[in-house]
Amino acid sequence: MIVSITHEHDLDGLGSQAIIKRYFDNSTVKEEMEFLDATYSNFVDVMKRLFNSNKSLTQLIISDIGFNKSFNVLFKLFKVAKKTNCRILWFDHHIVDVSVKRKISKLIDVYINDIEKCAAEIMKEYFLPDDSVAIKIAEFARDTDFKTEIYPMAADIQMIIGYNLGAEGFKNRRKIVQLLSEGWFKDPWFDTQIQELENWINEESRYAIQHAKCVNINEFGDVYISYAKIGGGRITQILEKEYPDSQAYIGIDLRYNEIIIHSKSVQCREFARYFSGGGHEDRAGFKHPQPFKEDLQLSDKFIEDITKILPKYKKRD
């Protein structure tokens, strides 16, 4: 069995998976496939369940998932998998320490990490470099991941993915992968989804603005924090548009308490690593044990930690 695990939150992750599906669907070697997805907070659990499932794995393909210190337990799983002749491939573009890259490379069959490309671009080049559909998927993925805003359809698909997070959205995420793998970028199903989510986006965006909190940190500047039942990354975009002079933006997805920080003034990945997270230099994700009080107000502990820790990772001029 071939298993694909990817990041469920964005087009780069699901686009990577669509490229894999397209490759194997057109392969002469037919083998059962399973498509799973994960977040940074549950990736280890997904991996453990997979390796404890007694499934006969021949290949495991991981895409668009970086590495943080909580993933160290995976090294033991990789060693076990190697003994069972399971081929493991990992394609990523997040910043990862050189020492960790070396360790992963020694334990698995293929590890490609290129921060200049998105994961879908890396996988396109590895599996389907000349395929027109794979090329378009990679272009769409780069557009949303690097915020180049060239393709409106890519932005629409990203919104649809954000609308379908969590267990309840799993079936629709599989639908997205299926359509992309077949090159149906303008399928009517996408239009139906857009119609459903427009009111949701507008309502949650207003909620995020209404509940935005400005935290002023001495000698650092203003940090805007808000929350809503949409992706933390989208919340940071809303905050940046509303408060363009802020030094940093933090968005909390109330559905999963997943937190995104976005800033051009902060080493976001290093800040997120303090909270066992990770990501990119100007955008990263992390968890906090107590972001809220019982009344859904930001907790004093969360504000205190942000105020105390954030200035330590301010970029040097």
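The model is predicted, and local features need pLDDT of at least 70, side-chain atom pairs count only at pLDDT 80 or more, and totals for chains, interfaces and linings use all residues. Residues are numbered from 1 along each chain as its sequence is written, and side-chain values use heavy atoms, with hydrogens and water left out.

**Cysteines.** A disulfide is taken as a pair of cysteine sulfur atoms within 2.5 Å, and the count comes to 0 disulfides. Proceed to Cys 268, which is in no disulfide; its nearest cysteine sulfur belongs to Cys 214 and is 17 Å away. Cys 268 is buried, with a relative accessible area of 0%.

**The whole chain.** Helices (H or I, at least four residues) and strands (E, at least two) are DSSP runs, numbered from the N terminus. The C-alpha atoms fill a box of roughly 60 × 45 × 40 Å along the principal axes. Of the 317 residues, 54% count as buried.

**Aromatic rings.** Next, display the rings of Phe, Tyr and Trp (its six-membered ring), which pair if their centres lie within 6.5 Å; planes under 30 degrees apart count as stacked, over 60 as edge-to-face and the rest as tilted. The count comes to 26 aromatic pairs. One of them joins Tyr 23 and Phe 24, edge-to-face, at 5.0 Å centre to centre with 85 degrees between the planes. Tyr 23 is partly exposed at 31% relative accessibility, while Phe 24 is buried at 10%.

Then select Phe 271 and Tyr 313: the ring centres are 6.3 Å apart and the planes stand at 75 degrees, so this pair is edge-to-face. The pair links distant parts of the chain, with Phe 271 in helix H11 (residues 268-274) and Tyr 313 in the segment after helix H12 (300-309), 42 residues apart. Phe 271 and Tyr 313 are both buried.

For a cluster, select Tyr 40, Phe 43, Phe 67, Phe 71, Phe 75, Phe 78, Trp 90 and Tyr 111, which ring pairs link together.

**Charges over rings.** A charge sits over a ring if NZ of Lys or CZ of Arg is within 6 Å of the ring centre and within 35 degrees of the ring normal. Select Arg 142 to see its charged end over the ring of Phe 146, 4.2 Å from the centre. At Arg 174, the charged end sits over the ring of Phe 170, 4.6 Å from the centre.

**Two final stops.** Ser 226 is placed in strand S7 (residues 221-228). Ser 226 is buried, with a relative accessible area of 0%. Leaving aside residues up to four places away in sequence, the residues that Ser 226 touches include Ala 208, His 211, Ile 235 and Gly 251.

Finish at Lys 314, in the segment after H12. This lysine is partly exposed, with a relative accessible area of 28%. Lys 314 and Gln 267 are 47 residues apart in sequence and 6.2 Å apart in space, C-alpha to C-alpha. Apart from residues up to four places away in sequence, Lys 314 touches Glu 219, Phe 220, Ser 265 and Val 266.

Key
Buried means under 20% relative accessible area, exposed over 50%, partly exposed in between (1.4 Å probe, protein chains only). Contact means heavy atoms within 4.5 Å.
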